Amino acid sequence: MLISGCAGALYRNPETTSANGIESSVSQQKKIYAVRNVNIIPMTIENNVLENATILIENGKIASINKAVPEDVDIIEGKGKWLIPGLIDMHVHNMADIDFSSSHPTKGVNLFTDDQDFMLLYIANGVTTAFELEGRVEHFGQRNAIARGSVIGPRIALAYLVDGGDSGNVANTPSDGRQTVRIAKAQGYEFIKVYSHLNIETYKAIIDEANKQEMKVIGHIPNIFKGRTKEAFVPHFDMVAHAEEFSSQTDIYTYKEAQRLAKMAKDNGTWVTPNLSNLVKVAEQARSLDGILHSPNFKYVHPLMQSKWITSNQYNRGTNVERIAYFDKLVDFHVTLVKAFIEADVPMVAGTDAGTSGIIWGFSLHDELELLVEAGLTPEQALASASRLPATWLEIGDKIGTVEVGKYADLILLDANPLDNISNTRKISGVFVNGRWVSKEKIDVMLADLAAKNNLNKDRYDWAKRREYEQR
Ligand SMILES: [Zn+2]
């Protein structure tokens, strides 16, 4: 049966106002698919492209490449197309059920997220793994819904954020820092995120305890290290979450300074998520919100977040020429930093900070890949930064991140070669999510339905009134 171009059964009920209606994971995962005549870009270290290959997908995994194909499998024609690993966004903030109001016992949340509507943004863009950097209990439920198969969405890694100060998840002494890490571990978080207001001793204790608990650490360089940045690079500080963490540590925006900072990361074995798109969007929003309003993808953003980004935009409100000039300088210096990271051979991974103002989940990862290439990475290096390398950092490199037999079938079928032009990662013909095929036609139907639903609901959501929603 030839199913490429067929809408399939993923979206079953066009009457519903939700993009839900997923074929059960059991029936989906029983299906065997073969993509034939396809050019495979495996994204292994050697990355030898296999032309006109046939790949068999069975039980959610890559069963074989260029072996005999059993009868009665679903054939997807891959002629003239390119197959790459599903993409990984290493810095996201996901919408999930949340309580904005002052709670009372038994109340629960006051805003529900339709997880399928939300996760569609990732799937539509071939993002099959995401790293949530401000995990909370609701994200576990969301992840369970995906694991159960009732929602089709990416694999999700969860980091627990620890900051200093007096509100939120805070620790202001080394012993509190250690205990926070142990509790996070016991609750099921896999990673620790350190944040800007930690004091030096607590920061160091958190990182030391995280290592004892076998949790990797990602995060900000706390502000207190300005002028003594090198001291922040302690063993097991595994990833800096933004290029901005380096630019906030200095007032000298030269290549020489970028080299000095890059050496600190290199010497400590610390990786970097440059997150270039964030500051580009910040600078754009400081000028005007027209870019957001006219983005063709804004209609897919939940109406509450549309309202927030327009009516409560922290970059645009009270903006002035000095602020814009400062953001522009950061945008330029971050490119300089990436060049220094390349020269120093500091591993870089792609992350977007999706969920912050103007950064749309899923779509933004393609922006980030383009910016990384503009900054000096080759298209192949940029692709590695969103596939093999983050899978390695997350310690799931044996499961995802490359197209190899035995790995989970998280794959994107593209209409053009991304090694020629990184923008071709946007030319999606279909996506395999844990072995489930979602065609471009299916994606388009679901996106159109989501846009219509958001449009219908847009007057129901007002960021300023989020505390007043009363669900029960
Ligand atoms: Zn973030």
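Predicted model: local features only at pLDDT ≥ 70, side-chain atom pairs only at ≥ 80, totals over all residues.
Two residues are in contact if their C-beta atoms, placed from the backbone, lie within 7 Å.

**Entry 1: Phe432**

Phe432 sits in strand S14, which covers residues 428-433. Buried or exposed, I wondered about Phe432? Phe432 counts as buried because 25 other C-beta atoms lie within 10 Å, and the cut-off for buried is 20 or more. Then I looked up its contacts, skipping neighbours within four places in sequence, and found Ile57, Ala409, Asp410, Leu411 and Trp437. I also checked Ala409 by C-alpha distance: Phe432 and Ala409 are 6.2 Å apart in space and 23 residues apart in sequence.

**Entry 2: the whole chain**

Time to zoom out. How many helices and strands does the protein chain have? I noted 15 helices and 15 strands. Along the principal axes, the C-alpha atoms fill a box of roughly 65 × 55 × 45 Å. For 472 residues, a compact globule would have a radius of gyration near 23 Å, and the protein chain has 22 Å, so the two agree. Buried residues come to 47% of the 472. I also looked at contacts between residues at least 6 apart in sequence: 76% of these join residues at least 24 apart.

**Entry 3: H8 and its partners**

Next came helix pairs. Two packed helices are described by the angle between their axes and the distance between the axes. I picked helix H8 (residues 276-287) and helix H11 (residues 321-344), whose axes are 9 Å apart at an angle of about 160°. That angle makes H8 roughly antiparallel to H11, since anything over 145 degrees counts that way. Their crossing is left-handed. On the H8 side I listed Leu276, Leu279, Val280, Val282, Ala283, Ala286 and Arg287, and on the H11 side Arg323, Ile324, Phe327, Asp328, Leu330, Val331 and His334. Sorted by class, this contact of H8 with H11 has 10 nonpolar, one polar and three charged residues.

H8 also packs against helix H12 (residues 363-374), at an angle of about 100° and with the axes 8 Å apart. So H8 is roughly perpendicular to H12. Here the contact uses Leu276, Ser277 and Val280 of H8, with Ser364, Asp367, Glu368, Leu371 and Leu372 of H12. I sorted these residues too, into four nonpolar, two polar and two charged. Looking back at my lists, Leu276 and Val280 of H8 turn up in the contact with H11 and in the contact with H12.

Another pair: helix H2 (residues 115-124) and helix H15 (residues 440-457) cross at roughly 140°, and their axes come within 10 Å. That makes H2 oblique to H15. H2 passes H15 in a left-handed crossing. Asp117, Leu120 and Ala124 of H2 meet Ile443, Met446, Leu447 and Leu450 of H15. By class, I wrote down six nonpolar, no polar and one charged for the contact of H2 with H15.

Which residues are buried in helix H10 (residues 303-311)? They are Leu304, Ser307 and Trp309. The buried residues of H10 pack against helix H9 (290-293).

**Entry 4: two positive phi values**

Most residues other than glycine have a negative phi, and most peptide bonds are trans. I went looking for exceptions in phi. Asn37 has a phi near 60°, which is positive even though the residue is not glycine. Asn37 lies in strand S1 (residues 33-40). It is partly exposed, with 15 other C-beta atoms within 10 Å.

Glu395 has a positive phi as well, near 65°. Where is Glu395 found? Glu395 is in the loop between helix H14 (388-393) and strand S13 (411-414). With 13 C-beta neighbours inside 10 Å, Glu395 counts as partly exposed.

**Entry 5: Met215**

Last stop: Met215, in the loop between helix H5 (200-212) and strand S10 (216-219). I found Met215 to be buried, because 22 other C-beta atoms lie within 10 Å. Leaving out neighbours within four places in sequence, its contacts are Val181, Lys185, Glu190, Phe191, Ile192 and Ala210. I also compared Met215 with Lys442: the two are 227 residues apart in sequence and 38 Å apart in space, C-alpha to C-alpha.

Methods
Residues numbered from 1 in each chain as written. Helix = DSSP H or I, 4+ residues; strand = E, 2+ residues; numbered from the N terminus. Rg over C-alpha atoms; globule rule 2.2 N^0.38 Å. Buried ≥ 20, exposed ≤ 12 C-beta atoms within 10 Å, placed from the backbone. Axes fitted to C-alpha atoms, helices over the stretch in contact; angles between N-to-C directions. Parallel < 35°, antiparallel > 145°, perpendicular 65-115°, else oblique. Left-handed = near helix turned anticlockwise from the far one by under 90°. Nonpolar A, V, L, I, M, F, W, Y, C, P; charged D, E, K, R; others polar.
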